[in-house]
Amino acid sequence: MEATLNINAVGNKVFQALTRFLKQDLDLLEIDANERTITHRVAIYLQELFPEMDVDCEYNRDDHDPKEMYLPGGEGDAYDTDAQTVYPDIIVHRRKTGENLLVMEFKKTSSRVDDKKDFMKLHEFKTQLRYQYAIFVEFDVGFSSIGISRVEWVNA
């Protein structure tokens, strides 16, 4: 994880936040806590490292409008006609501006959902919403193996 993330200043801060999470909140992985619980804790640590930015979980706004993207082959809400409302796990940005620094998607090894859509979303966040960085993180959960099993940068 360290070698993958420590290639730039943003990755270094993500590494610090994930390291702190593993040090202070490992029990959440042991008990296979809800993904939202895990990402909330990571977001708290990221906020401390990005004090000049806003760090939000499942933030779905683009100024005052819902944040929407076209996801090829995806199915949107009943009210979406051309695009889907998106809820990224964690974003680092400045609210009500176009300044989008980092988007992160997380997955637990206990998930039955394929990560293909996560990677598609991250790619489209970079392409359509102009996020500078996108990272996918997979957590090993349960008692037999816990920690971070995979970290990948996503390029547009």
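Q: Buried means under 20% relative accessible area, exposed over 50%, and partly exposed in between (1.4 Å probe, protein chains only); into which of these classes does Glu58 fall?
A: This is a predicted model, in which local features need pLDDT of at least 70 and side-chain atom pairs count only at pLDDT 80 or more, while totals for chains, interfaces and linings use all residues. Residues are numbered from 1 along each chain as its sequence is written, and side-chain values use heavy atoms, with hydrogens and water left out. With a relative accessible area of 29%, Glu58 is partly exposed.

Q: How many salt bridges does a search of the whole structure find?
A: A salt bridge is a side-chain nitrogen of Lys or Arg within 4 Å of a carboxyl oxygen of Asp or Glu. Searching the whole structure by this criterion gives a total of 12.

Q: How many residues apart in sequence are the parts that Glu58 and Arg36 tie together?
A: The closest N and O atoms of the Glu58–Arg36 salt bridge are 3.1 Å apart. Glu58 belongs to the loop between β1 (54-57) and β2 (61-62), whereas Arg36 belongs to helix α4 (residues 35-49), so the pair ties together parts whose separation in sequence is 22 residues. Helices (H or I, at least four residues) and strands (E, at least two) are DSSP runs, numbered from the N terminus. Arg36 is exposed, and its relative accessible area is 54%.

Q: Which residue forms a salt bridge with Asp56?
A: Asp56 is buried, with a relative accessible area of 11%, and the closest N and O atoms of its salt bridge are 2.8 Å apart. The pair links distant parts of the chain, 39 residues apart, with Asp56 in strand β1 and its partner in the loop between β6 (90-93) and β7 (100-108). That partner, which is partly exposed at 38% relative accessibility, is Arg95.

Q: Asp140 is buried yet has no salt bridge, so which residue's side chain makes a polar contact with that of Asp140?
A: Asp140, in strand β8 (residues 133-140), has Arg150 as the nearest side chain of opposite charge, 9.2 Å away; Lys and Arg count as positive and Asp and Glu as negative, with His and the chain ends not counted. A polar contact is a pair of N or O atoms within 3.5 Å; within protein, one must be able to donate a hydrogen and the other to accept it, and residues adjacent in sequence count only if both atoms are side-chain atoms. At 3.3 Å, the side chain that makes this contact with Asp140 is that of Ser145.
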